[in-house]
Amino acid sequence: MRRVTSHTPRRIRPVHPLLTAFASLAAAAGLALGGGTAHAAAHAEHSPPLRAAATPLPAHVFAPYFESWTSDSPAALAARSGAKHLTMAFLQTEAKGSCTPYWNGDTGKPVSSSVFGSDITTIRAGGGDVIPSFGGYAADNGGTELADSCADVGKIAAAYENVVTTYGVSRLDLDIEDNSLTNSAGVDRRNKAIKQVQDWAASTGRTLQFSYTLPTTTHGLADSGLAVLRNAVSNGARVDVVNIMTFDYYDGATHDMAADTRTAAEGLHGQLAGLYPAKSSAELWAMTGVTEMPGIDDYGPAETFTTQDAPKVYDWAVAQGIGTLSFWALQRDNGGCPGTKGSDSCSGIAQDTWYFTHTFAPFTGGGSPTTPDFSLSVSPAAASVPPGGTATATVNTAVVAGSAQTVALTASGAPAGVTVSLSPSSVTAGASAQLTVTVGASAAPGSYPVTVRGTAPSGAHTATYTLTVTGGGSGGGLGNGDFETGGTSPWTCQAGSTVVSSPVHGGGHALQVTPSADRTGQCEQTVTLAPNTAHTLTGWVRGPYAYVGVSGGANASQWASSDTWTQLTVPFTTDASGKATVYVHGWYGQGAVYADDFSLT
């Protein structure tokens, strides 16, 4: 979506793959608005009769961007996410030189009540509204931003008015980035058109705002962005909101994204004070907007807006009294692609779906500082341990609202002969602790729910860890199935296989199986189980051609080939001896395989 001004072009959002095709079709059709000298006639030709003046937006509004080029319904996503107001991205011409804007430059999506009209009606029925946005990185880079593409100020103004009257909206957003920032003719035409539309709105009694969405540094607008506002002032165009994109800084630094949001906005506040000396400090903050990019932005992990950053920005925005809070984009508000940067469909970080929307949504109408809260989980959530064995898990906490609190951790529900410890026993929300289960020789077989409780000033949350104590007796269970002893015993391994501290599935250790050209790297141990009985072996593996199985008194196996942890489940039935050899191995000449958290039930 975005980019910061620089002498070196940088990618932020790729041009939608259909834009080129749309542009070619539109150029062939010769589509454009009516004659530039007949401003009123052009407006009448392309718009329905003037609607009643739109309802103004709340003074403080949360309006995340919605990606219009997808097949998603904005009304459906608004209902599912809880985002009542949406910034609809983007309107642009189908080809350079045209004066007709379409949604995403797609001639099949004209400015018409038949396109998004029913969605907008539904959104308004739910108490929300939309803000159509012109431009965006693809248009600004490709010359299809309306004022860059169209050389006639009257036609630009007519296009703005057509959107206003077609959809009955009270604000238009102008997303100006990349080449549009340095196209001085386009900058001037755009601001002259804004002035014409504002005069038209005033003459018809219509409430209408314009917002400029601009890239920023960590200390305010770059000179090119500031020049856009200076030109607006010189043309008498009123700018109601200056919305800065607090991401994609591309400065080679590692960022505290919440802190950088504040410094960027403070820098903007000072710049606005110079442009609008008659406005009070509160009025300048009220015309300030901030757009975040949840998760990993286009630059990469050094610019990651986390779940801990969101409540900090929210509380700051409420306390400071800024006018608009947003993020790019609603379709990204999920954790479906951990580690991926700059995706349009997911944030690239572990998060609950709609986490950022739920955190920012109360901002509309003024909001109030968030009440602190946290979440608690245990991973893995279960383990099977024989008498004399141990298991570990990670207790994870996260900030879900407000600021980070101190969380005291306890565990209860362990049976006689089993001890459960937590290290550390107190963490700051967002940190983790290790849970260690030690099963004594006298522990009775069975399944036991262990309750892990986190207590903070805001309240308490719990998570359940299911411990299964397997059958006792000599050889009655799998030993060192989680490799937390730091060694391989009682597993017997071929040369090259060892215990490592990374990567691990749970706890602090895992097994590394190292195949070679003439061996699989197999590790194995023989156990004695109940004879003629169905059992299940489970284990977690990652790497190429990882095999888990049993041999001897039973024969069964499963395999996987993946660079992420995968659980393999191997059901088998023992013979009359009850003996079985459990094994894990890779494949000849292939890469290392990692194994962890084995259990027998």
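Strands here are DSSP runs of E covering at least two residues, and they are numbered from the N terminus. By that rule F90 has its place in strand β3, residues 85-93, of this predicted model.

**Cis peptide bonds**
- A89 and F90 are joined by a cis peptide bond, for which omega is about -5 degrees.
- A cis bond also runs from W328 to A329, with omega near -5 degrees, and A329 is found in the loop between β12 (324-327) and α14 (355-360).

**Positive phi values**
- D178, although not a glycine, has a positive phi of about 45 degrees; D178 is found in helix α8 and is buried, with a relative accessible area of 7%.
- Y250, likewise a residue other than glycine, has a positive phi near 50 degrees and lies in the loop between β8 and α11.

**Helix α10**
- Helix α10 comprises twelve residues, 223-234, and reaches 16 Å from its first C-alpha to its last, close to the 16 Å expected at 1.5 Å a residue.
- Its buried residues are S224, G225, L226, V228, L229, N231 and A232, and the buried residues of α10 pack against α8 (178-182), α9 (184-203), β7 (209-215), β8 (241-245) and α11 (257-275).
- Just after α10, G236 takes a positive phi of about 75 degrees.

**The four-stranded sheet**
- An open sheet with antiparallel pairing has the strand order β13-β15-β19-β17.
- β13 (373-379) and β17 (418-423) stand at the edges with a single partner strand each, so one side of each is left without a neighbour in the sheet.
- From one strand to the next, the twist averages 20 degrees.
- β17 pairs with β19 (residues 432-439) in the antiparallel sense over six bridges, and the bridge partner of T419 in β19 is T438.

Key. Residues are numbered from 1 along each chain as its sequence is written. This is a predicted model: local features need pLDDT of at least 70, side-chain atom pairs count only at pLDDT 80 or more; totals for chains, interfaces and linings use all residues. Side-chain values use heavy atoms; hydrogens and water are left out. Two strands pair if DSSP finds at least two bridges between them. Axes are lines fitted to C-alpha atoms, for helices over the stretch in contact, and angles run from 0 to 180 degrees between N-to-C directions. The expected span of a helix is 1.5 Å times one less than its number of residues. Buried means under 20% relative accessible area, exposed over 50%, partly exposed in between (1.4 Å probe, protein chains only). Contact means heavy atoms within 4.5 Å.
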